[in-house]
Amino acid sequence: MKTLPFNSRSWLLLVLTAVLLFAAACGGGGAATTGMADSDRCGDRSQLASQINFFNWADYMDDDILEQFEQECGVRVNQDVFSSNEDMIARIQAGNSGYDLIVPSDYAVQIMIERGLLRELNLDNIPNFKNLNPSLLSLYYDPANRYSLPYQWGTTGIAYNRAYFDLPPDSWAYVLEPDLACQHRGFISLLDDEREAVGAALKYLGYSYNDTDPQHHAAARDLLISSKACLAGYNSDNFNQTLAGEEVVMAQAWSGGTALATSENENVAFVIPQEGGAIWMDNLAIPIDAPNPYTAEVFINYLLDAEIGAQLSNYTYYFTPNLAAEPLLDEEYFDILTMGGMIVTEDVLARLEWIERNEFTIIFSDTWTAVKAR
Amino acid sequence: MRTVSSPPANRLLTAGKGLLWLNMIFCFLFLYAPIAVLVAFSFNDSRLAASWQGFTLRWYVEVFNSRSVISAFQNSLIVAFAATIIATILGTMTSLAMERFRFRLRRTYDGVLYLPIIIPDIVMAVSLLAFFSLTLGWMNSLLGLQGAQALRPGLATVVIAHVAFNISFVAIVVRTSLRELDPMLEEAAQDLGADEWTTFRKVTLPLIMPGILGGALLAFTLSLDDFVITFFTTGPGGTTLPIEVFGRIRRAISPEINAISTIMLMMSMILIIVSQIFQRRSGR
């Protein structure tokens, strides 16, 4: 066999691999026909792509779920991460991004629909739609859920340390009125976020979180400036650490971060003020130019499964919009959220307001700049 | 007392020395205290508390068990190696052309070469994003590719982008070692009958090799650390380590991030030290 090239062995290896791959593919197909009973979470297998690209926030998905989906349905999910809605929109808007599934927040869904960047969902392919909490559907940014379905959500309220309060500080007055706030001078923080800090002040003054009236904003600005002397500072990056380490005893906070703090220090609890707090939702959506929309819909359906939905929230510590998943959440998750008072009842839900963004909300930047400059 | 008898000039000198020492201590403190804290807390046995709770390696274990971190790490290495090799070859060729030849627009080229170093990352990133979406769009319509087959941004575009900014850095480092090279050596080789290629291979290249390696290591480090340009030029399956880390901070600054940062820091530091050793040798 002198005529064979010197690397004939690598050729052999290549052919062997190809044969094996072919056999594996056939084997996969065979399994699909025989194992129909437990494969109804995979939709129509003949239409599935071999992989999809998923653009998600970092640390916002249990890797085990991706592995299970790959084993069960034979679809590999490549996950990439972004750190702000604006970055993600820029990438999708450039076109031909290659992503099949993205996770925009509420207002970002609205922006993306307006710019024609999202594809209409075919709910026939997403029967688990029925698992979703009806009161978290048909929201302002996508009134008929034509383009997006809820993924995970959270709230903004007041986190506090039980050891320092006899009764829950259930009013924004506790962090904004100087008489009350200065009782814990230097041990209080507000979120370093123009929409959240200014929004809370507006809410306390009896206006909407989204109010854009300049006079109302002037009042909110004065209130924020007067409370500033009592604060430890503005903190939205590691308020969970300062709460758990008792460097602050009360903070305007997001529910998910507070849950993390509660898991470390059981004195940390959470309350939505009587005046009301904010609510946000991250959503599953498919870009207009997604290469594999059908497979993406099957994956959305998979994520909305009761079991998988519970697994997801057990991992993220955020709230699940999946009613069927709620009873399946594990004890640790439940303990922390019950203990921390983060469970959102219908009564509390009615007090929460969505943060909307439009051409007038630029005023929040001005107000916030004025507050921080003092 | 001895100080009383010493002349005033001498005293000034000792005072100056003391200040120099103070200056050095403060410099090191400013530079390295935050890093030391970061590294220390990567071994802290608590997810949140800012106080020391005991030594643990569990964050490192979790990092190495995370599928997303491992794949991001692989991507970072692939990009860094590919971009470094290409940029080093192109950068060395560029610096040779600039130092050894006279051609039209040489001065313009010289100025343009520095641009990637001077212009802000974000400007370069957005222009590359626009460039790739345009050219890939043209190529797709030219080749009739669409849907899952279409060409799109990914690791390859990241490599091209990194090559684009790394060429300048390599070229500058190599040029300094070329300038210090005695042209007589090359002339002597040619006098002795070596043709241009042999001269380059046997004389020039070995002499500027430390500069080339120094430039390559610099390119490797820059490529490994880059966030802004990578984020805007990457695509599906192209998440690198800095992108993964930056994304994770949004949720909570957890000790896992400290662990990843410590690993990256170690790698960068080793590379910088090696690169400095090479540059020092080329300076000799």
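The entries below go from ground rules to each chain, then to the contact between the chains.

**Ground rules**

I'm working from a predicted model, where local features need pLDDT of at least 70, side-chain atom pairs count only at pLDDT 80 or more, and totals for chains, interfaces and linings use all residues. Residues are numbered from 1 along each chain as its sequence is written, while chains are lettered from A and ligands numbered from 1 in the order in which they are written.

**Chain A, overview**

I looked up the secondary structure and found 15 helices and ten strands in chain A. Helices here are DSSP runs of H or I with at least four residues, strands are runs of E with at least two, and both are numbered from the N terminus. Next I checked burial: 47% of the 374 residues of chain A count as buried. I call a residue buried if 20 or more other C-beta atoms lie within 10 Å of its own, exposed if 12 or fewer, and partly exposed in between, with C-beta atoms placed from the backbone.

Then I went through the contacts (two residues whose C-beta atoms, placed from the backbone, lie within 7 Å). Taking the contacts in chain A with a separation of 6 or more, I see 76% of them between residues 24 or more positions apart.

**Chain A, domains**

How is chain A divided? I get domain 1 (47–153 + 281–332) and domain 2 (154–278 + 339–373). These bounds come from an automatic or database domain assignment. I noted 29 Å between the C-alpha centres of domain 1 and domain 2 of chain A. Nine residues from domain 1 of chain A and ten residues from domain 2 of chain A take part in the contact. On the domain 1 side I count seven nonpolar residues, one polar and one charged. For that sorting, Ala, Val, Leu, Ile, Met, Phe, Trp, Tyr, Cys and Pro are nonpolar, Asp, Glu, Lys and Arg are charged, and the others, Gly among them, are polar.

**Chain A, strand β4**

Why do I call β4(A) largely enclosed by the rest of the structure? Because 14 of the 14 residues of this strand (residues 148–161) are buried.

I followed its partners next; two strands pair if DSSP finds at least two bridges between them. With β9(A) (residues 277–285), β4(A) makes eight bridges in the antiparallel sense, and there I found Gly154(A) opposite Trp280(A). With β7(A), the pairing is antiparallel over five bridges, and Ile158(A) has Gln252(A) as its bridge partner. With β8(A) (residues 268–271), β4(A) pairs antiparallel over four bridges, and Ala159(A) stands opposite Phe270(A).

I noted a phi near 55 degrees for Asn96(A), a positive value in a residue other than glycine. Asn96(A) sits in the loop between α3 (85–93) and β3 (101–102) of chain A. Is Asn96(A) buried or exposed? It counts as buried because it has 20 C-beta neighbours inside 10 Å.

Glu246(A) also went on my list, as a residue other than glycine with a positive phi, near 60 degrees. I found Glu246(A) in the loop between α9 and β7 (250–254) of chain A. Glu246(A) has 16 C-beta neighbours inside 10 Å, so it counts as partly exposed.

**Chain B**

Chain B comes to twelve helices and zero strands. I checked the radius of gyration, taken over C-alpha atoms, against the globule rule of 2.2 Å times the number of residues to the power 0.38. Chain B has 25 Å, whereas a compact globule of 284 residues would have near 19 Å. The C-alpha trace of chain B spans about 80 × 60 × 30 Å along its principal axes.

Buried residues are 34% of the 284 in chain B. I then picked out helix α11(B) (residues 241–249), which is mostly covered, with seven of its nine residues buried. Among them I wrote down Leu241(B), Ile243(B) and Val245(B).

**Where the chains meet**

How many residues of chain A are in contact with chain B? I get 32 residues of chain A, against 32 residues of chain B. On the chain A side, β1 (51–57), β2 (76–82), α9 (239–244) and α10 (255–264) are the elements that give two or more residues. β2(A) gives the most, with five residues. By type, I have eleven nonpolar, 14 polar and seven charged residues on the side of chain A that touches chain B.
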